[in-house]
Amino acid sequence: MSLFISFEGIDGAGKSTHIEALASALREQGREVVLTREPGGTPLAEKLRALALNEPMDALTEALLMFAARRDHLLQVIEPALQRGAAVLCDRFTDATFAYQGGGRGFDLAVLAQLERWVQSVESLPAGELRQPDLTVWFDLPPEVAAERLAGARVPDKFESQPTEFFARVRSGYASRAESHPSRFARIDANATRETVWTSVQAAVRARGWIA
Ligand code: TYD
């Protein structure tokens, strides 16, 4: 059975090490694991990523680039992997667009929802059904804590250099998505030690019977 898991949270939430650890845990179950990220995951989408993360642009242009990258990634990488029965672990997906472009930038959520319907309609699903993650692991923590973790870590991109208020809006954006997709979302309290966070991640996946 294929699996599609996305990982979300504000910058500095500390997703990366847990994505790697979960990939190993799933491989130990004998699964093929495809580790990928958004924006990005294909040569074209990585080019779009470089533009979206580094060039100034208006919110609609930014949203269109995110969804253009997503369409390419979905068709070239995610769908073929799911058809093979692989587990796809994706560092960010559409919830990030709702949180960053919708919450953070204040862009029209109805437009994002329309783009979501276009981009996530795929041949293998009945008309009207959208490709969505089976599980979204949301690493939630206060923006002040994330800012402390990010401070001095590396040269910040366009989003990472945003003020704390921006990330407070991004966090609310994630909270509303979680509220409207309760069975898909697992909220993890990321304001804890790495071991505690990893225990929560494992619990969310184990509860669905995907790891022993
Ligand atoms: P991130 O996933 O944090 O990667 P890295 O750890 O390499 O910085 O960076 C991606 C950035 O892009 C992050 O700031 C969130 C932003 N983003 C959006 O604004 N909209 C989107 O739809 C996606 C997928 C990401």
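Predicted model: local features only at pLDDT ≥ 70, side-chain atom pairs only at ≥ 80, totals over all residues.
I188 itself belongs to strand 5, which covers residues 185–189. Its relative accessibility is 2%, under the 20% cut-off, so I188 counts as buried. A203 lies 15 residues from I188 in sequence. In space, the C-alpha atoms of I188 and A203 are 9.9 Å apart.

Eight helices and five strands make up the secondary structure of the protein chain. Their order along the sequence is β-α-β-α-α-β-α-α-β-α-α-β-α. The radius of gyration is 16 Å, close to the 17 Å that the globule rule gives for 212 residues, so the protein chain is as compact as a globular protein of that length. The C-alpha trace spans about 40 × 40 × 30 Å along its principal axes.

Contacts and burial were computed for the chain as a whole. Among contacts with a separation of 6 or more, 77% link residues 24 or more positions apart. Of the 212 residues, 52% are buried. I188 is one of these buried residues.

The accessible surface of the protein chain comes to about 9800 Å². Carbon and sulfur atoms account for 54% of that surface. The side chains include 24 positive and 28 negative ones. The centres of these two sets lie 2 Å apart.

Key:
Residues numbered from 1 in each chain as written. Heavy atoms only, no water. Helix = DSSP H or I, 4+ residues; strand = E, 2+ residues; numbered from the N terminus. Rg over C-alpha atoms; globule rule 2.2 N^0.38 Å. Buried < 20%, exposed > 50% of the residue type's maximum accessible area, 1.4 Å probe, protein only. Contact = heavy atoms within 4.5 Å. Areas by Shrake-Rupley, 256 points an atom, 1.4 Å probe, with all protein chains shown as cover. Lys, Arg positive; Asp, Glu negative; His and termini not counted. Charge placed at Lys NZ, Arg CZ, Asp CG, Glu CD.
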